[in-house]
Each structure stands twice: as C-alpha cells, then as structure tokens.
Amino acid sequence: MTAASPTSIGPATSPAQRAAAGLSIVVPVYNEGAGLARFHDHLVAIARQLRAQRGLATEVVYVDDGSRDDSLAVASGLPAEALDVQVVSLSRNFGKEAALLAGLDHARFGAVLFMDGDGQHPPALVPKLVGHWLDDGYDVVYTAKAHRANESWSKRFAVRQFYKLINYSSRHPIPEDAGDFRLLSPRAADALRKLPERNRFFKGLASWIGFRQLRIDYEPAPRAHGTTTWSLWGLIGLSVEGLTSFSVAPLRLAALLGLMLALAALLFGASILWETFFNGKSVPGYPSLVVGLMVLGGVQLIMIGIMGEYIGKILSEIKARPVYFVAEHSIRNAQGMQTPQTDGEAPRAAAE
C-alpha cells in the first residue's frame, strides 16, 4: 500500500480522508532485544484498535541501529499481525538521529509516528495522538514530559539553561521538554524529508517546519528492561549538536564576552594611567600582567573552540556523506508476504 499525496491531505479534508493515508510507526532500536516482543504485542493491539475504529492501515518500521544483542533477529521474527512490519538494519551504529531519518525514508504510509521501543513512550497514548491528527487536523502532535520531579536538581537546571540558550533570539523556539515521541501528518512528514542538512537535530527540525502543532504532556513510564544507553558525554554531545545546528547563541555570547573583556581592559588601562600620572604610583608588575594574559588567552581559546564547532558543521555538509547505509531490509505485510532486500541502499544523504 502506498500513501496518498501529502499535499492533498490537509485540515480541510475529513477524518476518513486523512485516515486513507495510513500510519507508519518508526521505532529506532539499539540493544532492545529483551523487550521488543512485548512492545510489539502492544503495537499489534493498538493497530487492531485503529483499524476497527478508524479504518487506519498501520505499519511499524523497526530500525536496528547496529545493535550488539539479538535485536535484529527478534525484530525479523515478529509477526505481521494487524500491521505490516518493516525491519531496516543499518550497517553499523550511526546514532539515533540517523535511525530516525532511516525510518522516515522507509515509511510507506502518509503519517509518521516516532517512538522508542524501551517502553517509556506508552503505546496506549498512540490513539490519542492519532485522534488529534484525524479529528482536529493537527499536523504535528508532540509529547513532552509533564515534569522532571524524579530528576536531580543539577539535571533540571542544565535542561532549563539548554533551552534558554538554544531559543535565545530564535524565531522558531523549540518547545521545552519535548521529546522524539510525536506524530507528523503526511504533509509535515513530507516537509521533514525535504530538509537537506546532514547534521540533524530531530526535535528542532520537527518544530522548525511549522504547520499546526499541539503539545501533549505525559508521564514517561519506567524502562521495560535494561538501562539507558545515554551517557553524560553523550547527552553533552547531543546538546552541542542541537545548539550548533539551530542557534548562533554561542557565537553571540562569545562576541559579548570579548566585548566585555575589551571594556574591562580599557577601564583597567585608564586606571593605571590615572595612578601613574596623577597619584605618582608605579605601574603594577608581573602578577597582573600574567593574570591578564591567562584570562585573555583562555577566552580566545574558548572562542576558537566555538568557531571550530561551526566550521566542523560546514565541513560535514560539504563532504555530503550519507547519514547511514542499510545492510538488510525486509518487509512483511499483514497477509504474511515477505520481500527481503540486502542491497546496501542509502536513500538519502545526511551527515553522520
């Protein structure tokens, strides 16, 4: 089954016309083999409900991002009951942003819903997201954590500062605490596919495309198994990726810091001249000189590092490497037909 034309499905159409486009559920998978079968059972129940109540055809696209466990084998053996099953295996671990793009590229139906397979994104919330798309005509229905009471003060503070910095003087602010669990209408999904950059920050891109967007607060469920694969440095790296991809705030802050230091140096120089010519005191010696050089040298290195991050992004875009390569690809529809593909395809180019 193929989706209807994305541009022909807008707010003016009826819920039945929107439902004719179908729904692709994209699930990036990395070492989730232990709980994938249980998660799939929840999706099958949701797919039956959507088909019975909405007449909505559904598929799930599992993107194995170079898992080290049996995730690929488990995903390949999941039954195609009530929904079609695609399994896309990447040639190595390219990261979650690449896995999301691979799922978007391989989605065969109109609307696309992104969610994690670790159980923290509750499948029971899917019909609610679909309802806001079909009944209310929203193009992007995204979820956000209702609160962060279970997190440490330092993490909550860091998250607030991150969103303040990335949204600094931004015309298209990224909603605070929004996650990857969201539904895109056919035209919103088509718009996201057209974005050419290779350094991708999914939360920012999904907000930047515009259209009618709705926020849904929810309580994340505990992980069904295992522990998070995100380390502190991984989260810092993702934050830097988002900042340099969607904001020039670091450059502006670096320029402001340089201006403040230049002003401080000017005032300090004026005070030295005053002390020398009017009070007859000697010019301060080496300690003040050394401290001043160290401060200026440190600030310059920080500014060079910030500029280097942006230059690195430019270099990555110029090289135009594909964001991912597919090692294996299989499709099983709800009637049991299977079409395996191992063609090493890379449908789109985007940076690693």
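Reader: Hi! Quick one to start: which residue in S6 does valine 141 stand opposite?

Author: Valine 141 stands opposite leucine 183 in S6. Helices (H or I, at least four residues) and strands (E, at least two) are DSSP runs, numbered from the N terminus. Before we go on, this is a predicted model, where local features need pLDDT of at least 70 and side-chain atom pairs count only at pLDDT 80 or more, while totals for chains, interfaces and linings use all residues. Residues are numbered from 1 along each chain as its sequence is written, and side-chain values use heavy atoms, with hydrogens and water left out.

Reader: Thanks! How many bridges join S5 to S6?

Author: Four bridges join strand S5 (residues 140-145) to S6, and the two run antiparallel. Two strands pair if DSSP finds at least two bridges between them. Strand S4 (residues 111-114) is also joined to S6, by three bridges and again antiparallel. In that pairing, phenylalanine 114 has arginine 182 in S6 as its bridge partner.

Reader: And why is S6 described as largely enclosed?

Author: Seven of the seven residues of strand S6 (residues 178-184) are buried, so the rest of the structure largely encloses it. Buried means under 20% relative accessible area, exposed over 50%, and partly exposed in between (1.4 Å probe, protein chains only).

Reader: Let's switch to S3. Which of its residues lie on each side?

Author: Asp84, Gln86, Val88 and Leu90 are on one side, with Val85, Val87 and Ser89 on the other, and all of them are buried. In a regular strand the side chains alternate between the two faces of the sheet. Strand S3 spans residues 84-90.

Reader: What's the sense of its pairing with S2, parallel or antiparallel?

Author: Strand S2 (residues 58-64) pairs with S3 in the parallel sense, over six bridges.

Reader: What does leucine 90 touch?

Author: Setting aside residues up to four places away in sequence, leucine 90 touches Val63, Asp64, Asp65, Gly66, Ala99, Ala102, Tyr324, Phe325, Val326 and Ala327. Contact means heavy atoms within 4.5 Å. Leucine 90 counts as buried because its relative accessibility is 4%.

Reader: Cores next. How many residues has the largest nonpolar one?

Author: The largest nonpolar core has 39 residues, and those with the most contacts inside it are Leu23, Val27, Tyr62, Leu113, Met115 and Val130. H2 gives the most to this core, with seven residues. A second, separate core of 30 residues includes Val88, Ala99, Ala107 and Leu184. A nonpolar core is a set of buried Ala, Val, Leu, Ile, Met, Phe, Trp, Tyr and Cys residues joined through side-chain atoms within 4.5 Å.

Reader: What is valine 27 in contact with?

Author: Leaving aside neighbours within four places in sequence, valine 27 is in contact with Phe39, Leu43, Val60, Val61, Tyr62, Val63, Met115, Asp116 and Gly117.

Reader: Last one: is isoleucine 318 buried or exposed?

Author: Isoleucine 318 is exposed, with a relative accessible area of 64%. Its place is in helix H11 (residues 286-319). From C-alpha to C-alpha, isoleucine 318 and arginine 198 are 9.5 Å apart in space, and they are 120 residues apart in sequence.
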